[in-house]
Each structure stands twice: as C-alpha cells, then as structure tokens.
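Visitor: Could you take me through this one piece by piece? I will ask as I go.

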Amino acid sequence: MARSAPDFTIGVEEEYLLVDKDSLALSPAPEGLMEACQSELQSQVSPEYLNCQIEIGTKVCQTIGEAREDLRRLRSTVARCADQFNLAPIAASCHPFSDWRDQHHTNKERYNTLRHDLGGVVRRMLICGMHVHVGIEAPDLRIDLMNQLRYFLPHLLALSTSSPYWQGDDTGLASYRLTVFDNLPRTGLPPQMESWGQYERSVKALTDLGVIQDSSKIWWDLRPSSRFPTLESRICDVSPRLETTLTLAALTQALTRMLYRLATHNQRWRLYDSFLIEENRWRAQRYGTTEGLIDFGLHEIVPFEDLVEEMIALVSEDAEALQSVGEVANARNILQNGTSAERQRAAYQAAISGGADHDAALRAVVHHLTEEFHADL
C-alpha cells in the first residue's frame, strides 16, 4: 500500500528575553507575570531555563497564515502582561550587554536537573532560539528528510542571525548564540541516520545507561521531536520581527515538502558530509548573509542573494501548495533590510554618531529591539 503524503502542519516555538523598561537590562520574571500570561495562554506559555526568559509555542497550524495569527496573539499577550510589571520582551538570541553571571535559573525540577548534569556550561545559557515543527507522521520518512534537510540549515541560520553582541562586546559574529549552545553535549548538526530503527537504537544506548532520560536531551540543530510526530528545526536565532519568524518557518516547511516531492519522483537531495555542511554553518554563524555560502556542486562561494533566489525557485510549487508564497518571498526583504544582527549594529552606530558613549549605544540597541518586537503586532 502506498504511503499517504505528510500533512506538513506547522508549529513554532520562540524564546524571549525580558528587559526592564527603564534600564533596558535583563530582569527576572515576577511570579505574577507568568500567572498573568498563563491565565490567557494556558500551556502555550512557560518559563525557560533562566528566570529572565519566557517561552511561547503556537498551536498546530495548517497554514503559515494560521501561524501568523497565533504568533501575533502570543507576542501581543506577553508584551501586554509584561508591561504591567514595567518589563518588555525582546526576541533576540543574546542580550547586548547584560552579564550571564547576574542571572539565575528557574527553580523547576527539569532545570535543576540540567544545572546539576551540565555544570558550568549551562550557566552561560543566556540565549534564545526559535524552533519550527513540521508534521511528518511516518518515522522513517522523518529520518530520511532530516538527512537531506541538513544541507539547508546554514541558509536558515544566516537569515535568522540576531546575536552579534555578548556582555557588551561586538563579537564579530552574526550569531554568537551558537558558540554558547555548542558547548552543550548532543548539539550541532544531526548525524546521518540510515533509519528510524538506527535512531531509536542510538537513543536507547544512552537511556539504558542513564546518561539521558529521553530523546528530549538530544539538542541537535534538526531532530525528530521527542513529543510530536514532527521534524523539528532548532538552528535559527529568534527573530525580533514577526514577519521574519514567519518567513523562516515558511521556508522550513516548504523545503521539507520540496524534499518529499523529490522522493515521489524517485529523486533526492545529494547527501553531503557533515564536515562540509559544518563549514557553511560556520560561515552563516560568522557572517550571516553578507559573505555567501559554499555551493559544493559548483565548487564556489555563492552570494546569498543568489542562494535566496535559488531557494525561492526550488520551493515555488511547494509554497503555492502551502499558501506561503508571500512569506517565502519575504526572504528578499530580509536581505534588502539586513538581518537583525546587521540592524542591531546599525542602531549602535547611529547612536554613536549621535554622540552616545558605548554603554548608551548598547541601550539604544535594546530599545531598537523592543520597538521591533512590537512592529508587526
């Protein structure tokens, strides 16, 4: 019997930082804030590892349009509730100047266990990400598509980059977040797997030894979700602008469908060694979209403008079917307007040019991020 096509439903998770509206420094979430958010959003909002963070997750959405409405509601509610406590959320993967040593982890069993198991590396986890779930019911198909989709993870990362600053310094990177996250075990690109059975055996080898409790402790850039019948992309920095989030989610969904569509014609994307994909991952992490990525078929570095046009063309049929043509095409606007990392640096330079000192310019960056969070609501 022929296997039915996946439904390609979509779900998005985002993590936000909470800043004091006066100092623009990070601030812990008061108990009343979580209560206020959960009274309206129920299980769609939760604490994160550090108590200056908050996480939201959409419902299962059939289209990117549904995801837009749910994300707008979630972002608006968090912002409105935070405002009652003189706080504002920002959707950037690192705070421009606050120090991780001043933050405290949430007193919750899961996070207490993480603190115990991971020691000093988890203390520096002052980072936020964005996760995109795409519904793939068949487990073996999840693995097959994971193997192929790995190639496009650097492309998605480059468009999402939002963490150029760390503890008051310009790191020179577009995504400093990954340098922090990659210190944890079981991170980075997923390995190529032959089957769902091989994946299960690998997970079982660690759970049987008590090394991990379950597959939720595998934090690859792309993984089969531990909770849902989905393929979960975890590569992206969180995006200040709602429309950027939607573009990244739409591209992830459309690329997944494109790879499935190839399979229906007895074709597949070429599988490249992790060593090569890692080089593009580094280029995206370091430069964002400004220096291009390596096309290993052409044996040359291709400008990101060309890569975006190639991706849009690759998934045009899929974007049409998924009702996401506009969101996919918005990748061009991200290039034209600059990634968040570029816009943050521009806000810093504008403040310096206006006579601000270094500290004041960094506060101007945070102010810019609070404004961008509200721009599409």
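Predicted model: local features only at pLDDT ≥ 70, side-chain atom pairs only at ≥ 80, totals over all residues.

Visitor: Is Ser340 buried or exposed?

Guide: Ser340 is buried, at a relative accessible area of 4%; buried means under 20% relative accessible area, exposed over 50%, and partly exposed in between (1.4 Å probe, protein chains only).

Visitor: And what is Ser340 in contact with, leaving aside its neighbours within four places in sequence?

Guide: With those neighbours set aside, Ser340 is in contact with Thr161, Ser162, Pro240 and Leu369, contact meaning heavy atoms within 4.5 Å.

Visitor: How do the axes of H15 and H16 cross?

Guide: The axes of H15 and helix H16 (residues 358–375) come within 8 Å and cross at roughly 135°; axes here are lines fitted to C-alpha atoms, for helices over the stretch in contact, and angles run from 0 to 180 degrees between N-to-C directions. That angle makes H15 oblique to H16, given that angles under 35 degrees count as roughly parallel, over 145 as roughly antiparallel, 65 to 115 as roughly perpendicular and the rest as oblique.

Visitor: Which residues make that contact?

Guide: On the H15 side they are Ser340, Arg343, Gln344, Ala347, Tyr348, Ala351 and Ile352, and on the H16 side His358, Ala361, Leu362, Ala364, Val365, His368, Leu369 and Glu372. By class, the contact of H15 with H16 has nine nonpolar, four polar and two charged residues, where Ala, Val, Leu, Ile, Met, Phe, Trp, Tyr, Cys and Pro count as nonpolar, Asp, Glu, Lys and Arg as charged, and the others, Gly among them, as polar.

Visitor: What about the other helix pair, at what angle do H6 and H10 pack?

Guide: Helix H6 (residues 153–160) and helix H10 (residues 274–287) pack at an angle of about 5°, with their axes 8 Å apart, and that makes H6 roughly parallel to H10. Pro154, Leu157 and Ala158 of H6 meet Ile277, Asn280, Arg281, Ala284 and Gln285 of H10.

Visitor: Switching to strands, why is S5 described as largely enclosed?

Guide: Strand S5 (residues 130–135) is largely enclosed by the rest of the structure because six of its six residues are buried. Both of its faces are covered, with Met130, Val132 and Val134 buried on one side and His131, His133 and Gly135 buried on the other.

Visitor: Which strands are joined to S5 by bridges?

Guide: Five bridges join strand S1 (residues 10–20) to S5, and these run antiparallel; four bridges join S5 to strand S11 (residues 230–233), also antiparallel. Two strands pair if DSSP finds at least two bridges between them. The bridge partner of Glu13 in S5 is His131, and Gly135 stands opposite Thr230 in S11.

Visitor: How many bridges join S1 to S4?

Guide: Four bridges join S1 to S4, and the two strands run antiparallel, with Ile90 in S4 as the bridge partner of Leu17. Strand S4 (residues 87–90) is covered on both faces, with Leu87 and Pro89 buried on one side and Ala88 and Ile90 on the other.

Visitor: Last topic, backbone angles: what is phi of Phe8, and of Asn266?

Guide: Phi of Phe8 is near 55°, a positive value in a residue other than glycine, and phi of Asn266 is near 60°, likewise positive in a residue other than glycine.

Key. Residues numbered from 1 in each chain as written. Heavy atoms only, no water.
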